[in-house]
Amino acid sequence: MGYAAIFVANAATAGNLLMVEKIAGVKEELSSWGLLYYNTFLSLPFALIMFLASGELPRVLEYEFLWSPMFQAFLTFAASQAFLLNLSIFLCTSLNSSLTTSVTGQMKNILTTLLGFVWFGDVIYDQTNVMGMFISLLGSLYYAYVKYTESQAKKQAQARAL
């Protein structure tokens, strides 16, 4: 069940990035703020349906610290961080490509996992974990190198054309 959930999450993320890239390319007058607004507005009914169907509403209302000022402050902080993350994803996708945004997200995940390996002592190091991290890191670095050389070649071609 866990792998199916991860597959669905990855497919939804890829679809979202492709949608942002396509809309940003077609609607150049629509800023990242506008894209974020419409994305939130259109996804809100689906999120609300999932929230109600999952049965989480009673558990949320029963949470003993729901109205605690400290909880409210941290909830507001977490929501603002999620907003900034979404805005940065929209900016990255509209300025680059959905593939670049996906690879930078993968790099973030790799670095987060590596820091988790270092900071937390309960990680079991086995050959599969280490090889998976190594392959992911190499792939992301190779992609960054290819994109960098492409951008340098494009700059040189533009300089020669002038």
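This is a dialogue on how to read some features of a predicted model.

Student: Where do I start, and how many helices and strands does the protein have?

Tutor: Bear in mind that the model is predicted. The protein has six helices and zero strands. Along the sequence the pattern reads α-α-α-α-α-α.

Student: What share of the residues is buried?

Tutor: Of the 162 residues in the protein, 14% are buried. The accessible surface comes to about 12,900 Å², and carbon and sulfur atoms account for 71% of that surface.

Student: How do I check the length of a helix, for example α6?

Tutor: Compare the expected span with the distance between the end C-alpha atoms. Helix α6 covers residues 127–161, which is 35 residues, so at 1.5 Å a residue it should span 51 Å. Its end C-alpha atoms are 51 Å apart, in agreement with that value. Helix α4, residues 69–95, can be checked in the same way: its 27 residues reach 39 Å from the first C-alpha to the last, close to the expected 39 Å.

Student: How is a pair of aromatic rings described?

Tutor: Two values are used, the distance of the centres and the angle of the planes. This structure holds three aromatic pairs. In one of them, the ring centres of Tyr63 and Phe65 are 5.9 Å apart and the planes stand at 70°. An angle over 60 degrees counts as edge-to-face, so this pair is edge-to-face.

Student: What kind of pair do Tyr63 and Phe71 form?

Tutor: Tyr63 and Phe71 form a tilted pair, with 5.2 Å from centre to centre and 55° between the planes. Tyr63, Phe65 and Phe71 together form one aromatic cluster.

Student: How do I see which parts of the chain meet?

Tutor: Look at contacts between residues that are separated along the sequence. Among the contacts in the protein with a separation of 6 or more, 60% join residues 24 or more positions apart. Ser102 is found in helix α5, residues 98–119. Its relative accessibility is 38%, so Ser102 counts as partly exposed.

Student: How is empty space found?

Tutor: Rolling a probe the size of a water molecule over the atoms shows where empty space is left. Here, the second largest pocket holds about 160 Å³ of space.

Student: Which residues line the second largest pocket?

Tutor: Its lining consists of Ala9, Ala12, Thr13, Asn16, Met19, Asn39 and Ser43. Both α1 (2–26) and α2 (32–53) supply at least two residues of this lining. Helix α1 gives the most, with five residues.

How values were computed
Residues numbered from 1 in each chain as written. Predicted model: local features only at pLDDT ≥ 70, side-chain atom pairs only at ≥ 80, totals over all residues. Heavy atoms only, no water. Phe/Tyr/Trp six-rings, centres within 6.5 Å; stacked < 30°, edge-to-face > 60°. Helix = DSSP H or I, 4+ residues; strand = E, 2+ residues; numbered from the N terminus. Expected span 1.5 Å × (residues − 1). Buried < 20%, exposed > 50% of the residue type's maximum accessible area, 1.4 Å probe, protein only. Contact = heavy atoms within 4.5 Å. Areas by Shrake-Rupley, 256 points an atom, 1.4 Å probe, with all protein chains shown as cover. 1 Å grid on protein atoms, 1.4 Å probe; cavity = no way out; pocket = protein on both sides within 12 Å on 5 of 7 lines; lining within 4 Å. Points joined across faces, edges and corners; volume = space filled by probe spheres on them.
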